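Hi,

Here is the structure I promised to pass along. Have a look at it first, and my notes follow below.

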Number of protein chains: 4
Amino acid sequence: VNTQLLLISCPDEPGLVYKITGVLYHHAANVTSNHEFVDHETGQFFMRTAFTGAERQETILGELAAALPASAIVRLAPQQRRRIVVMATKEPHCLGDLLLRHFSGDLPATIEAVISNYDDLRPLVEPWGIPFHYVSDKDRQRREHEMQVEVIIEQYSPEYIVLAKYMRVLTPLFVQRYQQRIINIHHSFLPAFIGANPYRQAYQRGVKIIGATAHFVNDELDMGPIIVQEVLSVTHSSSARDMAQAGRDVEKIALARAIKLVCEERVFLSGNRTVIFE
Amino acid sequence: VNTQLLLISCPDEPGLVYKITGVLYHHAANVTSNHEFVDHETGQFFMRTAFTGAERQETILGELAAALPASAIVRLAPQQRRRIVVMATKEPHCLGDLLLRHFSGDLPATIEAVISNYDDLRPLVEPWGIPFHYVSDKDRQRREHEMQVEVIIEQYSPEYIVLAKYMRVLTPLFVQRYQQRIINIHHSFLPAFIGANPYRQAYQRGVKIIGATAHFVNDELDMGPIIVQEVLSVTHSSSARDMAQAGRDVEKIALARAIKLVCEERVFLSGNRTVIFE
Amino acid sequence: VNTQLLLISCPDEPGLVYKITGVLYHHAANVTSNHEFVDHETGQFFMRTAFTGAERQETILGELAAALPASAIVRLAPQQRRRIVVMATKEPHCLGDLLLRHFSGDLPATIEAVISNYDDLRPLVEPWGIPFHYVSDKDRQRREHEMQVEVIIEQYSPEYIVLAKYMRVLTPLFVQRYQQRIINIHHSFLPAFIGANPYRQAYQRGVKIIGATAHFVNDELDMGPIIVQEVLSVTHSSSARDMAQAGRDVEKIALARAIKLVCEERVFLSGNRTVIFE
Amino acid sequence: VNTQLLLISCPDEPGLVYKITGVLYHHAANVTSNHEFVDHETGQFFMRTAFTGAERQETILGELAAALPASAIVRLAPQQRRRIVVMATKEPHCLGDLLLRHFSGDLPATIEAVISNYDDLRPLVEPWGIPFHYVSDKDRQRREHEMQVEVIIEQYSPEYIVLAKYMRVLTPLFVQRYQQRIINIHHSFLPAFIGANPYRQAYQRGVKIIGATAHFVNDELDMGPIIVQEVLSVTHSSSARDMAQAGRDVEKIALARAIKLVCEERVFLSGNRTVIFE
C-alpha cells in the first residue's frame with residue numbers, strides 16, 4: 001500500500017484538526033495514524049498524519065493552504081526509505097552499526113554513500129557495495145574542503161546527512177545549505193563536558209552515568225535541537241578507556257534511534273526543541 | 001480553567017477524527033491536546049481530547065452519539081483529581097509511597113480511605129487524616145468479607161480502587177462490580193514466576209533483572225491488562241532479601257505511575273491490552 | 001551475629017591483602033565478604049572486609065597499623081544502622097521518602113532528628129515520633145544560623161548528615177566540621193545546568209533525560225565526590241513542571257541509594273572520586 | 001605487561017584469601033585486581049585475581065593445590081583475547097554486531113570462524129576475512145549434523161562457542177563436550193514466553209518491556225545459568241514487528257556484554273547461578 005505522510009507546523013488556532021482532517025476525508029483518504037501536539041509555550045501546532053488512498057496530492061495541498069494560517073509549513077511525502085549520506089572520520093563504531101542495520105533492513109533509510117576526511121574506514125564500507133569517498137582535508141581551507149564534499153553529496157541527492165563521528169567543525173555556509181537536514185552524534189549529555197577528551201573529564205569527575213546525544217546541527221556548536229539522549233551506567237572501576245567504550249555503545253544506539261525517528265518524519269522543530277511523535 | 005476530557009472508543013471508520021473535532025469546533029471548544037490511536041489488529045479506534053470552553057455537554061454528547069458508530073463508548077469527564085480507595089494488607093511500601101505523593105500533591109487523585117484486612121498499617125495512615133478501616137478476614141468466608149469491604153467502599157464513591165499489596169484473591173463478583181476500576185501491583189514481570197515467594201524463585205534462577213507490573217484486575221489471576229512495567233538490575237551478590245527490597249522499589253514506582261496514567265484518563269482497553277496516551 | 005567492618009585506604013604496595021587477611025586469620029576472624037580495589041591513577045588501595053568472631057579489636061588495629069604503610073587510614077566499625085540527622089527546607093518528597101523507608105526498615109540508618117529552616121514540614125515528621133527542629137534563618141547571618149544548627153546536630157551525635165533538599169549554601173566552616181559526612185542531593189546531572197530553576201533550563205534546552213546526583217559536600221558548590229546518579233526519560237510533551245516532578249522521583253531514588261551505600265560503609269574517597277563496593 | 005588471571009572456586013573455609021595471596025606474595029606477584037565472593041547459600045568461595053610479575057606458574061599452582069581444599073578448581077590463564085567460534089542461522093543482527101566489535105577492537109576475543117546451517121550470512125562474514133563454514137542440516141540426523149560441526153570447531157581450538165541466533169537445539173552430547181563453554185542469546189526474559197514466536201506472544205499479552213537473556217547452555221532448554229539480561233521499553237503502538245526489532249537490539253547488547261564478561265574470565269558458576277566480577 002502506498003502510504004503518504006502529511007506533516008504540518010503552524011500557529012495554533014481553533015479548529016485546525018477539524019479543517020485538516022476534513023480535507024483528507026473529502027478526498028476519501030484512509031487515515032492510519034494521526035498525531036498532534038500544541039506547544040503551549042510558543043503557541044505552535046504540529047501534526048503528522050499517515051494515510052492511504054487519496055491521490056490528488058496537488059489539490060489536497062491547495063485546499064490545506066487555503067484552510068490553514070498563511071505561515072503554515074505543510075509537507076506531503078511518501079512513507080518510504082529516505083536517502084542518506086553518512087560522513088565519518090576514523091572511528092568505525094557508529095558507521096559500522098549503521099551499515100549493519102542497513103544490511104538487516106532495520107534502518108528506514110538507504111545509505112547512498114559514505115564520505116570521509118580519512119581513508120581508514122574504506123574496508124568497512126566497500127564490502128557492502130556502498131561508495132566510499134575519501135576527501136582529504138590536509139592542507140586545505142575548511143571551506144575549500146567542504147565545497148568538495150558538497151559536490152559529492154549533491155551527486156546522491158540525499159534527504160539527510162548523518163555525521164557518524166565526523167570530527168570536523170562545519171562552516172555556517174554548509175549548515176545553512178542543509179538546514180535541519182544534518183544529524184550529529186555527540187559524545188556526552190548536552191549540556192555537559194565541553195571540549196577535548198570528554199571521557200577523560202568524565203572519569204576525573206567520577207561520574208556514574210555516561211550519555212550520548214543525537215541532535216540536529218545548527219550554527220552554534222553542539223547547541224542544535226536534541227533528538228535522542230541515551231545513557232549507560234559506569235562505576236569507579238571503569239577506566240577512562242572503559243568509559244569511552246561505554247560511550248561508543250550509547251552513541252551507536254542514540255544515533256540509530258535518531259535516524260529512524262527523522263527518516264520516518266516523526267521529528268518536528270519547535271524553536272530549539274524537538275517534538276517527536278512515536 | 002475548567003478542562004474537560006472527551007474519551008472515545010469505537011470501531012474504526014473513515015472520518016472519525018473529522019466528525020468528532022467538528023462537533024467540538026461548532027461548540028467553540030478550545031482543544032488543548034488530542035491523541036488518537038487505531039489498533040490495526042482489532043480495528044478499534046481510541047481518542048482522548050482535552051478542551052476548555054464548550055459548556056453544553058449534554059448537546060455535545062448527543063451530537064457525538066449521532067455521528068459515531070452505534071457501539072461507540074463515549075465519556076465526558078472533568079480533568080480533576082480522581083477519588084480512590086486504597087486496599088492493603090501488611091506491607092507499608094506502596095501504601096506509604098502513595099500517601100507521600102498525596103501529601104506532596106504529585107498524585108492526580110485523592111485517597112478517600114484505606115481498607116485493610118489487618119490492623120498493622122493504621123499508624124502509617126491516620127497521621128495524614130485519612131480514614132483507616134480494618135476489616136478482618138479471619139474466620140470469614142471470602143465473599144462475606146468482601147461484602148463488608150464493599151459497604152465501606154461505597155461510602156466513599158471512589159472512581160478507582162487501588163490494591164497496594166492487598167494479599168487476598170478477589171472473587172469474580174467483586175471484580176465484576178468494579179470492572180476496569182481496580183488497579184493491582186504484581187511483584188514480578190508478567191508472565192513470570194508464578195506462585196509463592198517469587199523473589200526466592202528469582203534468586204534461585206539467578207536473574208539479573210527484577211521487575212514489577214501494574215495491571216487492571218480481571219477474572220483471571222494476574223492476567224489483567226498491563227498498564228506499567230518497571231525494572232531494576234540485581235547481581236549475584238543480591239540475596240533473595242535484597243531482591244525483595246529492589247522489588248519493593250520497582251513496585252512503588254510502577255504502581256504510582258499506573259495510578260497517575262489511569263486517573264488522568266490516559267489508559268484505554270483494547271481487548272486485554274492497554275492503549276496509553278502519554 | 002555481631003559483624004564488624006574493616007575499612008582501609010592506603011598507598012598500594014605488594015602484599016597488602018595478604019598482610020591484612022593474615023592479621024584477621026590469626027585472630028580467628030570469619031571473613032564473610034571482602035572487596036578490594038586499586039585506583040591505578042593514584043596508586044591508592046581500598047579494602048572493605050566484613051567479618052565475625054574476632055573480638056580483640058584493639059589488638060587487630062595495632063597489628064594492622066604495624067603491617068600497613070604509615071599513611072594508611074584504618075577504621076573498624078560495627079555493621080549496624082548509622083545515626084543520621086536530616087536537614088530539609090520546604091520540599092517534602094525526599095524527606096518523606098526517607099521517613100517511609102525508615103518506617104519500612106529499608107534504610108540502614110536511624111533518623112535521629114530533622115532540622116529545617118522553615119516550619120512547613122513539621123506535620124510530615126512528627127507523626128513518626130521523630131524530633132523536628134525549626135531553626136529560622138530569617139534576619140540571621142549565615143554563620144550565626146549554622147551555629148544554632150550545629151548545637152542541635154551535636155545533641156544527636158549523628159554519623160552522617162543528609163541534606164534532603166536543604167536549600168541553603170553551607171559555609172566552609174560547617175563543611176569542614178563534618179568532613180565527608182554530609183550527603184547532598186542535587187537536582188541534575190553534574191556537570192549540568194548551573195543556577196536557579198534547572199528544570200526550566202532543561203525544558204528550554206529540550207533535553208530527553210532528567211537526572212539527579214547524590215554527592216558528598218565539599219568546599220566547592222556542587223563539586224563534591226559523586227556517589228549515585230540516576231535518570232528518567234522525558235519527552236517534548238513534558239512541561240517544565242512535569243520535568244520537575246520526574247526530577248523529584250529521581251532525586252528520591254538517588255538519595256536513598258546513596259544513604260544506603262554510605263551507611264553500609266561501602267563508599268571510599270579517592271581524591272574527588274568515589275570507590276563503591278556493592 | 002604480561003598479566004595472568006588466577007581463577008579459583010572451592011568450598012569456603014577460614015583463611016582462603018590469606019593463603020592464596022600468600023602464595024602470590026612469596027612469588028613476588030604484583031596483584032593488580034582482586035575479587036572474591038562467598039555464596040552463603042552454597043558455602044562456595046570464588047576468587048579472580050589479576051597479577052603480573054610472578055613467572056613460575058607450575059610452582060604457584062602446586063603451592064595453591066597444597067593450600068586449598070582438595071575439591072578446589074584452580075585455573076591460571078593469561079589475560080588475552082579468547083578464541084571463539086560463532087554459530088548462526090539466518091538472522092544477521094547478533095553476528096554482524098560481533099563482527100563489528102571485532103573490527104573495532106572492542107571484543108576481548110578473536111572470531112576464528114563462523115559456522116552456519118544456512119548459507120545466507122556468508123556475504124556478511126567473508127569481507128572481514130573470517131572463514132565461513134556452511135554445514136547444511138537438511139536431510140541429516142541432528143547428531144550426524146553436529147558431528148560435522150564439531151570437526152570444524154576442532155580445527156580452530158576455540159575457548160568458547162557463541163550461539164548468535166543459532167536456531168537449532170543441541171544434543172546433550174554436544175553440550176557435554178563443550179561444558180560451560182557455549183554462550184547462547186535467548187529472545188526473552190527467562191522465565192518468560194515459551195515456544196515459537198515470542199514477540200507475537202508479548203504483543204498479545206500487551207507487555208511494556210522487552211528483554212533478552214544471554215546464558216550458558218546446559219542440558220535443559222533455556223535453563224542454563226544466566227549471564228546478562230537487558231531490557232527496552234515498548235508501547236501499545238509497537239506492533240509485534242516493532243517488538244521483534246526492539247528485541248534484536250537488546251539481544252545484540254546482551255550477547256556482546258556476556259561475551260566480554262566470559263572472555264575476560266569474570267563469570268563463575270555457582271550451581272545454576274552465575275557469580276560475575278565486574
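Where in chain B is the place of Lys165(B)? The residue is in the loop that runs between strand S8 (160-163) and helix H6 (172-177) of chain B. Before you read on, keep in mind that this is a predicted model.

You'll find Glu265(B) in the loop between helix H8 (240-263) and strand S12 (267-270) of chain B. With a relative accessible area of 5%, Glu265(B) is buried.

Then there's Asp106(B), which sits in the loop between helix H3 (93-104) and strand S6 (109-116) of chain B. Asp106(B) is buried too, with a relative accessible area of 10%. Leaving out residues up to four places away in sequence, Asp106(B) touches Arg101(B) in its own chain, plus Gln245(C) and Arg248(C) from chain C.

On to how the copies are arranged. Chain C superposes on chain A through a rotation of 180° with 0.0 Å of shift along the axis, at an RMSD of 0.0 Å. That is the relation of a two-fold axis. Both copies use the same surface: 100% of the contact residues of chain C recur in chain A.

Cheers

Terms used:
Residues are numbered from 1 along each chain as its sequence is written. Chains are lettered from A and ligands numbered from 1 in the order in which they are written. This is a predicted model: local features need pLDDT of at least 70, side-chain atom pairs count only at pLDDT 80 or more; totals for chains, interfaces and linings use all residues. Side-chain values use heavy atoms; hydrogens and water are left out. Copies are superposed by least squares on the C-alpha atoms of residues with pLDDT of at least 70 in both. Contact means heavy atoms within 4.5 Å. Helices (H or I, at least four residues) and strands (E, at least two) are DSSP runs, numbered from the N terminus. Buried means under 20% relative accessible area, exposed over 50%, partly exposed in between (1.4 Å probe, protein chains only).
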